[in-house]
Structure formats: C-alpha cells, structure tokens
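Here is a short briefing on one model.

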Amino acid sequence: MNIAVAVSGGMDSLCSLLALRDAGHEVTALHALFLDPPETESPLSALRGLCGTLGIDLHVADLRAAFRREVVEPFVAEHELARTPNPCASCNRLMKFGRLLDIALLPPEKGGLGADALATGHYVALEPHPAYGPTLRAGSDTSKDQSYFLSLVPPERLRRCIFPLAERRKEDLRVWLAEQGLNAPVPGESQEICFVPRDDHRAFLRECGAKLPGPGPVLLRGKDGTLREIGRHDGLWQYTEGQRRGLGIAWTEPLYVIERDRERNALIVGGASELGSGGCIAEQVNFMVPPALWPDKVLARIRYRQKPAPADVECGEGTMRISFRSPQQPPAPGQVAAVYDEQGFVLAGGVIMRETESAAEERRPDGGLL
C-alpha cells in the first residue's frame, strides 16, 4: 500500500512512519509547513537529514498562508468575541485532514502524491463497528487519546486515513525508538497552541492587534443567585469558564469563573458549589454516526481533560442539545463538545455556543444585582 505519512518531526509521527515502513508499505514522509521555521535549529532541516538517513522521500507542503487565514485569524476573531476557540480541532478539520489529506491523495498531475491513504501519529483508532461502519474510536492510551480533537473531522475524510498508534502507549514508543538508535528531530512534547510563542496567548493577541473587550466588573454569585460587584477584570477574553487561577481576587474561599456575561461585559464568579452546569448547546455539528443509530446510553465531553460523562443528547439539523446526568464544569463557548458511546466510538462533535437555558436558570435562580 502506498501511504503518505504526516510527519511533524516529533516522536509520534516518526514512530508511525517507521511502523508502516517495517510492515512493508511504501511510505512517503509528508511535512506540512504551517509556520515560518526558526532561523536556527530548524526541525525541518533535521527532518530532512533523518529521512535521508532512512532512505525515505520527504515532501514539504507549504500551507502557511492557508493556516494563517483559516486557523490563526479565526482564533483572534473568536477572542475578540470573548469566546474560547479550539485551534487544534480547527487545524485537524481544515488543515491536516483537509488540505494535507488532499495533497496526499491527489494524483501527481494535480499536485498531489497519489497515495492510497494518509497516516498520522494521532492516538486514535478507525475501527469497524457492526452498526456504524468504520468509525473513529478513542485510542487505547487514555492519557494521550486525541479523539476529542478529531471529532469535527468529517467521517468520509477519516476513512481515507490510517492511525498506526491506535493501540500503542507513548511510554512503549520511547523505548522502541531508543532501541533503534533513533531520535526525533523535535524531542519534546509540542506546546498547546503551536503558533502562540511561549504559550502566552495574551501577548500574542495584543501583538496581532486584536480588538479585545475592555475592563468590566467582577460579580460574585451568591448561593441565592444574587450578584454583587467585588472587583474589576481586565477583559473577558483573558478568562474562560471554570478557571480558578489568575483571577487576582482574594476571597474567603477559592473562586471560579462561572460565566462571562458579554452583554454586561461582566465576569461572573462563585465558589465551587456554584460551578456545576447541566448542559450546553452545540452547533456546526459533525455527525460521525447518524443519530438514529446511536445507543440509548451516550457520554459527552466538553473539555479535553474531562472524562466523558453520561448525558442525554437531542440532535437537530446541525445542532446538539446536551444535558448531563450530573453537574459538570460550565461550558466554554468556542470549545468542542464530543459525544461517545460506552465503547469509546465517537458519535458526533460540535462547537459549543452557550449553556442550555435550563442549566443557566438552575444555577442562577435570581439574577438580581445588588
């Protein structure tokens, strides 16, 4: 089989490349250039050298303009609306399994590699299911599972992909690579947002000249639902729902961000007892499995670090209304909501728009401001 393998220079993609080569496939390394390479110690130079040593062709796809237009600029625009975007999920949908997949599959006369499939180093599986057909499933290494970030990718695109690390564990891969005497050109874990220097998104947004919301009141929500001002915030874009650290307010108990009230430009905070939310509305939904085939019991996940929790989901035309069986952290508009079955198969993914009306009412029975 002729397989293009997306390689970043990190250990995961390198192991995928080697595993497929060792299995007897014809492989080509495909590197997407999303950002300007650093002037010194460019991982691309090291990657070229490694591929040369391995005797594997390396193709570089320059996607810098498209990446800035389709990932970076929307990231800035979402922060201007005081939302919390998920650029990794957008990149997977539009870049890695969008433009890069096209380059891998298109015939050479149309500018592609003419591969039969694209492989990546994601810790996910594409597995046959008796009712769903081939469907995305969470990877076996739960600490590295990336199915949440791939839940927005159309299923017909994922079915042209291979995931060699589906049943692998990262610790075992480190040993395997060392036994072969190889080192990844990029040895460490990639940072959370690849285009944000030093993970300082506040400085990055300012440097981009973003038109960001200004200061406003911090309102404490009491257990009776009433609100009173206890301080000032520097801009809603600097916070996200569920956040505890960095609020800059000394109080008798730890405070959390409960909500960002965009109409009043107010940051609503409260104690841990006020944190729980009952659900959210998601739009731009990507249905991996037709809702008619969903099982009675489903799980939903509205944050990467959150364990999928039992929920009831009502599906509409491109929408989902998720109601959790037990309170969860408040949803962050702009983040991804992913729905799973009990075996870890991904049923759908969408972009969170807002908390459900019933959940909001339960958490604030009286919206009066003292």
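Buried means under 20% relative accessible area, exposed means over 50%, and partly exposed lies in between (1.4 Å probe, protein chains only). By that cut-off Tyr132 counts as buried, because its relative accessibility is 11%. The model is predicted: local features need pLDDT of at least 70, side-chain atom pairs count only at pLDDT 80 or more, and totals for chains, interfaces and linings use all residues. Residues are numbered from 1 along each chain as its sequence is written, and side-chain values use heavy atoms, with hydrogens and water left out.

**Confidence**

- pLDDT is the predictor's confidence in each residue, from 0 to 100. The protein chain has a mean pLDDT of 91, and 95% of its residues reach 70 or more.
- Over residues 365–370, pLDDT stays under 50. The model has 16 contacts beyond four places in sequence for this stretch; contact means heavy atoms within 4.5 Å.
- Where pLDDT is low, the predicted coordinates should not be read in detail.

**Helix H3**

- Helices (H or I, at least four residues) and strands (E, at least two) are DSSP runs, numbered from the N terminus.
- H3 covers residues 64–80, 17 residues in all. From first C-alpha to last it reaches 23 Å, close to the expected 24 Å. The expected span is 1.5 Å times one less than the number of residues.
- At Val72, H3 bends by about 25°. Pro74 follows within four residues. The bend is the angle between axes fitted to the seven residues ending at a residue and the seven starting there.
- Buried residues of H3 include Phe67, Val72, Phe75 and His79. Their cover includes helix H4 (87–105) and helix H8 (201–207).

**Aromatic rings**

- Rings of Phe, Tyr and Trp (its six-membered ring) pair if their centres lie within 6.5 Å; planes under 30 degrees apart count as stacked, over 60 as edge-to-face and the rest as tilted. The structure holds eleven aromatic pairs.
- Tyr132 and Phe345 form an edge-to-face pair, 5.9 Å centre to centre with 80° between the planes. The pair links distant parts of the chain, 213 residues apart. Tyr132 sits in the loop between strands S5 and S6, and Phe345 in the loop between strands S16 and S17. Phe345 counts as buried because its relative accessibility is 5%.
- Phe149 and Tyr304 form a tilted pair, 4.7 Å centre to centre with 45° between the planes. Phe149 lies in helix H5 and Tyr304 in the loop between strands S13 and S14, so the pair ties together parts 155 residues apart in sequence. Phe149 is buried, at 16% relative accessible area.
- Phe34, Phe67, Phe75, Phe195 and Phe204 form one aromatic cluster.
- Arg168 lies over the face of Trp176, at 5.5 Å from the ring centre. The criterion is NZ of Lys or CZ of Arg within 6 Å of the ring centre and within 35 degrees of the ring normal.

**Leu177**

- Leu177 belongs to helix H7 (residues 170–179). Leu177 counts as buried because its relative accessibility is 4%.
- Beyond four places in sequence, Leu177 touches Met11, Leu14, Cys15, Leu18, Leu182 and Ala184. Leu18 is 159 residues away along the chain, yet the two C-alpha atoms are separated by 9.2 Å.

**Positive phi**

- Most residues other than glycine have a negative phi.
- Arg198 has a positive phi near 60° and lies in the loop between H7 and H8. Arg198 is exposed, at 65% relative accessible area.
- Asp199, in the loop between H7 and H8, has a positive phi of about 60°. Asp199 counts as partly exposed, at 43% relative accessibility.
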